[in-house]
Amino acid sequence: MNHISSRRRRPLLVVVLALVLSLVGIPAATAGQGAPPTTDLTGYTDTAADQAPPSFQQGCLPAGGQAIADPEIPDGDFVVVGGGWGHGAGMSQYGAQGAGRLGCSAEQILTTYFPGTALGTVAMPERVVIGLGTGVTSTRITAEAGTIPWELCHYQTGECTDIGAQQAPGAVWTVTILSDARYRITDASGALVFEGGSFELNLRALLSPTTDVDRRVGVSTTGHTYRWGVLQIDSVQSAASDAFLTIDIPSMDLYLRGLAEVPASWPAGTLQAQAISGRSYATNRITRLGIRESCRCNLLSTPADQNYEGYDYESADARGGGSWRAAVEATSATVLLADGAIAETFYSSSHGGHSESSAFVFGGALSYVQPVDDSRWDLASSNPLRRWTKPVSAADLGAAAGVGTATAVELLEPRGAAGRVGNPARGWGGVRITGTSGSAVLSGDQVKSRLALRSTLFDIRVPGGQSPAPGPQPQPEPEPTSPPPADTLRRLSGSDRIGT
């Protein structure tokens, strides 16, 4: 037990220090898998009178100034009319797609969504440790290319020992964590391959160290294939007999090759903007937090950080011509800077035509994450969730608020700059729902979660009523509150990222 305590003390102190330092910035944004794109291109009418600012090249039209049509309202006791998918701060991925279609560059896209920022180059981390799973009790590893060497390494000294078994191409091994934190490897027939180790030793599979080596494994825990670096299983002595599963990738650009955030078929300017955003987010996270005790990693592979699918996305991109890899390589070491520091590059699937400030969305103010009208860019995209509706019964709406059967609903002021419903605890209005057993006021995020909505940009209507569509409204900015630790956000319910 003393060994376990001493093992955990140093990483915990590092994480606590990192979290304290992170309070000077805004926490990382909510992320989530988003709707795949459609093939339709919704047209738009140019009614903006203002000329494009000097920073826009010919053909790259300003982001906003357009009206987004109201959808057809279905029948229902109440109907939620909303726009976009996601938290609504920073870059809209579909908006960036529309901008790319209009001829905008990555720089134009990013400096529009993050006003006051600039592109720059910085030294990249030498490694990126990605969390593939926590609480892992067993995982199946398939050698998909090359012969895979396995070893045991001391967690503290880094000293490694070959376990005396190499996984042949095509072989399927199952790694199980025993109650005393040892590892057991069995083959597809159930025969024992290896048993040994301890909670002080990590079991590792050596993948491709460089681009001229091709060693790949499929991992049942995630359902994806990985090529780069080292796959590590870090056992923890506990009643659960579980482990952390990570992959240690030897460079930032190799990590980005497997970042499955937008389709590789999108315009080059859009792909480069996404590559810079992904690199900025990852580098910022690594710099501020280092290795996190909660996952023994820098970043999670899920949209809770960024959606990393490894070789699966990388190979799909290669089959399609390699546009995503080209975007990663064209922007290598390039990040978005704000006052000389790496910016917090929030992004989500789409904003419904208008973004919000970081103060509104997360409760902490950043000068470069402010409301941005991106209606023109959104209308030039293939966004299937620009506007959406959801009928809700009086019983379900009342149940969401705990007031019996709903009889009336009121969206309270003030709302966000785009008409989003905010959090009354931060000085914004919420939603008052009155029912047969009382009334309650919910925040926009509470309504979003309880009704399974796409975003907090919504209105709730009674069919035949005269409630306005969600859209820009001049509102006073509330006083910003101190942001919570960086490791606690990006976990709001719901999905909001584009997937492939």
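Let's start with a gap inside the protein: the largest cavity holds about 130 Å³ of space. Keep in mind as you look around that this is a predicted model. Which residues sit closest to the centre of that cavity? Of the 14 residues lining it, the closest to the centre are Phe360, Val361, Val421, Asp445 and Thr456. Two elements each give two or more residues to this lining, namely helix 8 (358–362) and helix 11 (444–451). Helix 11 provides the largest share, with three residues.

Now move over to helix 2, which spans residues 93–101. Eight of its nine residues are buried, so the rest of the structure largely encloses this helix. Running along the helix, the buried ones are Gln93, Tyr94, Gly95, Ala96, Gln97, Gly98, Ala99 and Gly100. And what does the covering? Among the elements over these buried residues are strand 2 (91–92) and strand 19 (347–348), together with helix 3 (106–113), helix 5 (268–289) and helix 9 (375–379).

Both ends of helix 2 have something to show you. At its start, a side-chain oxygen of Ser92 comes to within 2.8 Å of the backbone nitrogen of Gly95. At the other end, just after the helix, Gly103 adopts a positive phi of about 95°.

Conventions
Residues numbered from 1 in each chain as written. Predicted model: local features only at pLDDT ≥ 70, side-chain atom pairs only at ≥ 80, totals over all residues. Heavy atoms only, no water. Buried < 20%, exposed > 50% of the residue type's maximum accessible area, 1.4 Å probe, protein only. Helix = DSSP H or I, 4+ residues; strand = E, 2+ residues; numbered from the N terminus. Contact = heavy atoms within 4.5 Å. Polar contact = N/O pair within 3.5 Å; in protein donor to acceptor, adjacent residues only side chain to side chain. 1 Å grid on protein atoms, 1.4 Å probe; cavity = no way out; pocket = protein on both sides within 12 Å on 5 of 7 lines; lining within 4 Å. Points joined across faces, edges and corners; volume = space filled by probe spheres on them.
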